[in-house]
Amino acid sequence: NLPDTINVHGFLTVNGEKMSKSRGTFLNASEFLPLSNPEHVRYYYASNLTRQMADLNLDLEEYKERISNELVANVANFFYRVLSFTNKNFDSEVVPAEDEFLSRFDYSRIISDYRNLEFREAVKQILAVSAEGNKYFQDNAPWKLIKEDKARAHQVVSNALNLVRDVNTLLKPILPVFA
């Protein structure tokens, strides 16, 4: 089958300048690869890609900030907190998530954004889900709740784990190794 659509963008620029060997703004993939995780590059580009025909800028400072603030501080932090708490306090066992909790999240827009090659919008929505998960975990403070009501703490953690699974699944097209 021939593709129905092809996603293209304009030029790849580095720090707002067209790539040029003479100006020192040319990045060869084989030179960049040892300096950064390839999945981070995939994530950065995906978080900037739309269907619009526009140049795609690799801003090295923004790149570092996005990896640090979005992938590490938001997603990885959420995953680590929930998984380590579950492993430590509940031997990695999960109870079914509450329907009321799960019904808060509708992933149809993210799926639609992926199908429509609106990767930037999909990433924004995934980050919002992860941030909501972080907030839920923080607000419910299972580390305090476990002292008063272990069953409720287990439910809170299981709800959060379901969200970790969902965020992980939603990120898989962009970060297959991480996921």
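1. Buried means under 20% relative accessible area, exposed over 50%, and partly exposed in between (1.4 Å probe, protein chains only). By that scale I6 is exposed, at a relative accessible area of 63%. I6 sits in the segment before strand 1.

2. This is a predicted model: local features need pLDDT of at least 70, side-chain atom pairs count only at pLDDT 80 or more, and totals for chains, interfaces and linings use all residues. Residues are numbered from 1 along each chain as its sequence is written, and side-chain values use heavy atoms, with hydrogens and water left out.

3. I6, V8 and M53 make a nonpolar surface patch of about 330 Å². Nonpolar side chains are joined within 5 Å, like charges within 9 Å. Areas come from the Shrake-Rupley method with a 1.4 Å probe.

4. The sheet is open, with three strands in the order 2-1-3 and mixed pairing. Strands 2 (17-18) and 3 (56-58) are at the edges, each with a single partner strand, so one side of each has no neighbour in the sheet. Strands are DSSP runs of E, at least two residues; helices are runs of H or I, at least four. Pairing takes at least two bridges.

5. Strand 1 (residues 12-14) runs antiparallel to strand 2, joined by two bridges. T13 stands opposite K18 of strand 2.

6. T86 belongs to helix 3 (residues 60-90). T86 is buried, at 2% relative accessibility. Leaving out residues up to four places away in sequence, T86 touches D91, S92, E93, V157 and L161 (heavy atoms within 4.5 Å).

Methods. Patch = residues over 30% accessible without salt bridge, like charges linked within 9 Å, V, L, I, M, F, W, Y side chains within 5 Å. Salt bridge = Lys/Arg side-chain N within 4 Å of Asp/Glu carboxyl O.
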